[in-house]
Amino acid sequence: ALPGHLLRGLLPLLTIFHLERAEDAARRAGLSTQPIWRKLWEDVMKTRPPNSESITCWRKKFLETFFSNVLHGVLDVSSDWRLHDRHFSPLLHSSPHVSQLTLCNMLQGAVELTAEHNHKVLENLAASLRVLKFQHLLSCDQSIRRSLVLLLHRLIHHGSVSQVSMCSWPVPDTVLLILILTMSAGLWRSGNALAYHGSPCGLCREEDKAQRQESAQEGAERRCNAEREGSSAENQKRSPKEADACMTSVLSGPRSPPLRNPAHEETSSEVPCGHTSIQGSSSPRSSSEQLSCHPIPRKTRRWQKAAVGRKRRCLRWSRGHYADPEDLYDFVFTVAREDNSGLLEKNRTTEGENTENWTSSSPGSPCTGHAGCKKRGGAAGTPSLKAAHRFRSVSTLELFSIPLTGETCRTLSNLLSSWVSLENLVLSYNGLNANISCILSGLRALSRHPECRFRVLRVSDMFSHMPCMELVCCILSALPQLHTLSVSFDLKNQLEGSRPEASPSCSEAEIPESCLEVLEIRFPREPLHTAFLLPVLKASKSLQQLSLDSATLPCPQELGLLLELLREYTPNLKKLSFHDVNLAEHQKEVLLLLQDPGLQEITFSFCRLFESSTADFLSEIINAVKRNSSLKSLKLPGNRLGNHRLVALADIFSEDSSSSLCQLDVSSNCIKPDGLLEFTKKLEGHIQQRGGQLPFTHLRLFQNWLDQDAETAQEALRRLRAMCSVVNDAWDSSQAFADYISVM
């Protein structure tokens, strides 16, 4: 209850423990603690955070980074008096502010978070964490994998994590990679196998409790019906007391199967409830006693014999302790599609072996996208995937710079086929090549699921194994419900015979009407043939954003044809972007785009607009923008505007202009401080003429030559920021110019 002026003087003198406790009091007094948290960042972290202009809460930013640095041992809390407080537990008190966490190297962070003394920290993370990242991972032993299993189970299956990202793993540990993918998909053993310090997962027990009672009652009814059918005479002789005893024994007997997600529930033949203990009973009775306690229909006896063997193999998973190392290794490799009998088998291997045999057949869409993607049988030894528990799964999966082998792609494909919560998938530099067909097979099966929510697919790689437009057609044919599709390749695959023959399903089949709203294509210096883009545009009536990158125009008429198709087939198009496309000889088409009343954002990035233009071309651009009241954003980075063209662009906002332009991007345009200052003065004059009314709100100035005269640049920036939001950077133009000259 301190007065505001005293509280203002006291806040900078508090430790972060007491500063946290004073947040509410400061808010009630109308005081902001943001400057104090930012000062803490500068003093403790000693770095400039990326995208610092977009940080809205320095308190959260500091505490989230503080948590990560303490967890990984890169920050000593005794290094600053504000971090050191006997009441302050660094991980415990900062964990509620952590929404994104990165685990690295040997997963030391996972081991620390699952330690018994950090139980409350893990509970806090389960409520706050949304994004879990893995970076630069290394192979680890079985004990660390157990810690990772517990961490993923708590944060994903019983937590709030919605995105899992893995990046920079040049030689991935296959077992570890598939383990993370499997648990991210919400697929793992029953809750009893996920023991926390010797005790089964309490959350799983709570979820199972109600389901167990309901299943037991339903099972009792089924069993009694079976008994009446098989031995009706004997049932008629049974006294009411005996019948009640029978029901009691069922309700107090073996556990029911693990709770399943209804979205993933698979149909199976009904069996008596007395045999559900096969998948996790802790009853001390022998399996033979359980199987013989009541009569069963003759047609189920064969199933029961097979189940007895499976029970013996699965008992170790039901004892409330960690799984046997070989079982943990085996289970991550059973994630493949099961055949119609529900059995998935493979040859058991030891920890150090590198070859596994898979079965991947399934009713639906088997993964047969290419010659290397065929199922291979194996011997019995691993429990069926149907014995696994279906938990909560994430909605976004990102894999950056992780090579994916054919085996891993098949596993991922099989996971994707039933991953109904998945909404976004990003595959970047994974060396997929022809294995992309295997991934698409799984996504195609997923798209047929009535509860499918998959909407965003981004694929990028070094080499393209097929023409970009052919791949786009393949994807849209398989996934018409996509809202966003991004396909990006750096280079063509130049190896002779490495590019497969055109797939009839992709090149000849007509694309069904799609829900596509955003399409981004980065061509590996391929020619942009409008005829190949035509079927995509015809099927994408809802397209709102189109980005074409690094394409070549085979003839002067090609861009004009593209504009005609866009006007005819994409009436809802709002954003159009060209990057690294030579438009020096297409001035007429550029002006037509700037006059289009439907477009709200146009980007010409590194398009060499003024390479062979006359002085009149710039005036025509300015006049076109002045008359277009629908255009909100114009991005012209990398077009060598220079000082004189930048100054001329200020006339867009003259008194006679009807432009509604809010954002202007002139990054990488050789702009010097004196030119920026002159542009600023001209803009100030136009504001005065318009009575202080100007729609212009954002200016981007990255990578210009503003370091050549720091004093003039600072004055220009100060005056500009009084009119609009300005984003720039500290850029060494001398080094950049040397690099530019070296590649000319």
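The axes of helix α19 (residues 468-478) and helix α21 (residues 530-539) come within 10 Å of each other and cross at roughly 15°. Axes here are lines fitted to C-alpha atoms, for helices over the stretch in contact, with angles running from 0 to 180 degrees between N-to-C directions. The model is a predicted one, in which local features need pLDDT of at least 70 and side-chain atom pairs count only at pLDDT 80 or more, while totals for chains, interfaces and linings use all residues. Residues are numbered from 1 along each chain as its sequence is written, and side-chain values use heavy atoms, leaving out hydrogens and water.

**The helix pair**

- Helices (H or I, at least four residues) and strands (E, at least two) are DSSP runs, numbered from the N terminus.
- α19 and α21 are therefore roughly parallel to each other, a term for angles under 35 degrees.
- On the α19 side, the contact (heavy atoms within 4.5 Å) is made by Met469, Val472, Cys473 and Leu476, and on the α21 side by Phe532, Leu533 and Val536.
- By class, this contact has seven nonpolar, no polar and no charged residues; Ala, Val, Leu, Ile, Met, Phe, Trp, Tyr, Cys and Pro count as nonpolar, Asp, Glu, Lys and Arg as charged, and the others, Gly among them, as polar.

**Salt bridges between separate elements**

- The whole structure holds 22 salt bridges, each being a side-chain nitrogen of Lys or Arg within 4 Å of a carboxyl oxygen of Asp or Glu.
- Glu123 forms one with Arg154, with the closest N and O atoms 2.7 Å apart.
- Glu123 lies in helix α8 (residues 119-128) and Arg154 in helix α9 (residues 142-157), so this pair ties together parts 31 residues apart in sequence.
- Arg154 is buried, at a relative accessible area of 14%, whereas Glu123 is partly exposed at 26%; buried means under 20% relative accessible area, exposed over 50%, and partly exposed in between (1.4 Å probe, protein chains only).
- Arg525 and Asp580 also form a salt bridge, their closest N and O atoms being 2.4 Å apart.
- This pair links distant parts of the chain, 55 residues apart: Arg525 is in the loop between β12 (518-522) and α21, and Asp580 in the loop between β14 (575-579) and α23 (587-595).

- Arg719 and Glu715 meet in a salt bridge (3.3 Å, N to O).
- Being four residues apart in helix α27 (residues 710-721), Arg719 and Glu715 are separated by about one helical turn.
- A network of salt bridges links Lys39, Asp43, Asp80 and Arg82.

Key:
Parallel < 35°, antiparallel > 145°, perpendicular 65-115°, else oblique.
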